[in-house]
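Please keep the sequence and the model in view while reading.

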Amino acid sequence: MYFCHTDISIYRLFFCTFAPAMELQIYDLTLLIVGILNLAMAVGLLANNHAYRNYPVYRRSRCFTAVFFAVFGIGMLLHYHFQWRLSYPLLATALSVSYFHIAGVAITWSHTPLLNPHYLCRKVVARDVVFLAVGLPAYWISATSCPLSTLHYTLLIFLIHCVWMSFDFYTTYFRVSRRLIAMKLGSVEGFMRWMLRSCHLIIAFGLGSIMFTSFFPVDAWPFTVLLIISALVFVYIYYSISEYGHVIDSATTATKDALE
């Protein structure tokens, strides 16, 4: 019994002393790897963008998708540098919501115009810029000088805007997809499927990540899991937007015809 008690004590001592440090090291390493991966995918999209100079809508979409990856990559590297998740969770939440909000606008400006080339009009741009101009300062002011409940209220700005942008995408998608089905344009069915799947993943990941941030403000392991999931989601988005280039002629013609 003595040796059993000693073994248990050593076991507990190991996990109380070394496990938190290991958990933080894994979290930091994952932040660094995924942050660099996002920046690499942003560079990859921009480097190959010149090949699509005759397709301005798709070329612009690749640029905005690159912005999406770059914003997430920079945000993760800032988390790695400042370590606010463990020391100042409110600031970490403000940082997270900020780059989620900016990247959400970038991916909406990227994907929805592929379905409707006329989507990105001045009215939409003005709406999104106003939401960002109000939301970003609100997150940081509430994180630095207001109680926790105020920060939660400011998150409503992000949620309302996210729902609005999602509604824009889904209404555009289903309107175009119904017409494409009626026109029996099977060559773009794959494009429509990955487009919808990408946006499902983006919306689910964005909202789920903000909920994770609220539920686990100081633990490292949930964010390590979240970072691994984000890497899988972002690689799929990169693959999807790149694969669009292989069907760009038929997809561009089909979406234009479907909107007429």
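Ser-240 is located in helix 9; helices here are DSSP runs (H or I, at least four residues), strands are runs of E of at least two residues, and both are numbered from the N terminus. With a relative accessible area of 1%, Ser-240 is buried, where buried means under 20% relative accessible area, exposed over 50%, and partly exposed in between (1.4 Å probe, protein chains only). A polar atom of the Ser-240 side chain lies 2.8 Å from the backbone oxygen of Tyr-236.

Beyond its neighbours within four places in sequence, Ser-240 is in contact with Trp-194 and Ser-198, contact being defined as heavy atoms within 4.5 Å. Ser-198 belongs to helix 8 and is buried, at 0% relative accessibility. The C-alpha atoms of Ser-198 and Ser-240 are 7.6 Å apart in space, while the two residues are 42 apart in sequence. With neighbours up to four places away again left aside, Ser-198 is in contact with His-111 and Tyr-236 as well as Ser-240.

## Basis of the model

This is a predicted model, in which local features need pLDDT of at least 70 and side-chain atom pairs count only at pLDDT 80 or more, whereas totals for chains, interfaces and linings use all residues. Residues are numbered from 1 along each chain as its sequence is written, and side-chain values use heavy atoms, with hydrogens and water left out.

## Overall architecture

The protein contains 10 helices and 0 strands. Read from the N terminus, its elements follow the order α-α-α-α-α-α-α-α-α-α. Of its 260 residues, 46% are buried. Among contacts between residues at least 6 apart in sequence, 78% join residues at least 24 apart.

## The nonpolar cores

A nonpolar core is a set of buried Ala, Val, Leu, Ile, Met, Phe, Trp, Tyr and Cys residues joined through side-chain atoms within 4.5 Å. The largest such core has 56 residues, and the members that touch the most others are Phe-68, Phe-69, Phe-72, Met-76, Phe-169, Phe-234 and Ile-237. At least two residues of this core come from each of helix 2 (19–47), helix 3 (56–82), helix 5 (89–115), helix 6 (122–145), helix 7 (148–183), helix 8 (189–215), helix 9 (221–243) and helix 10 (248–259). Helix 5 contributes the most, with 12 residues.

Which residues does Phe-68 contact, leaving aside its neighbours within four places in sequence? They are Ala-103, Ala-106, Ile-107, Phe-234 and Ile-237. A second, separate core has 8 residues, including Val-105, Leu-120, Leu-132 and Met-165.

## Packing of helix 3 against helix 9

Two packed helices are described by the angle between their axes and the distance between the axes. Helix 3 and helix 9 pack at an angle of about 165°, and their axes are 11 Å apart. This angle makes helix 3 roughly antiparallel to helix 9. Axes are lines fitted to C-alpha atoms, for helices over the stretch in contact, and angles run from 0 to 180 degrees between N-to-C directions. Angles under 35 degrees count as roughly parallel, over 145 as roughly antiparallel, 65 to 115 as roughly perpendicular and the rest as oblique.

On the helix 3 side, the residues that meet helix 9 are Tyr-58, Arg-62, Thr-65, Phe-68, Phe-69, Phe-72 and Met-76. Their counterparts in helix 9 are Leu-227, Ser-230, Phe-234, Ile-237, Tyr-238, Ile-241 and Ser-242.

## Other individual residues

Arg-127 is placed in helix 6 and counts as buried because its relative accessibility is 12%. Not counting residues up to four places away in sequence, Arg-127 touches Tyr-119, His-161, Trp-164, Met-165 and Asp-168. Met-165 is also a member of the second core.

Val-176, found in helix 7, is buried, with a relative accessible area of 0%; its C-alpha is 6.8 Å from that of Thr-255, a residue 79 places away in sequence. Tyr-153, also in helix 7, is exposed, at 59% relative accessibility. In the loop between helix 3 and helix 4 (84–87) lies Gln-83, which has a positive phi of about 55° although it is not a glycine.

Conventions: A polar contact is a pair of N or O atoms within 3.5 Å; within protein, one must be able to donate a hydrogen and the other to accept it, and residues adjacent in sequence count only if both atoms are side-chain atoms.
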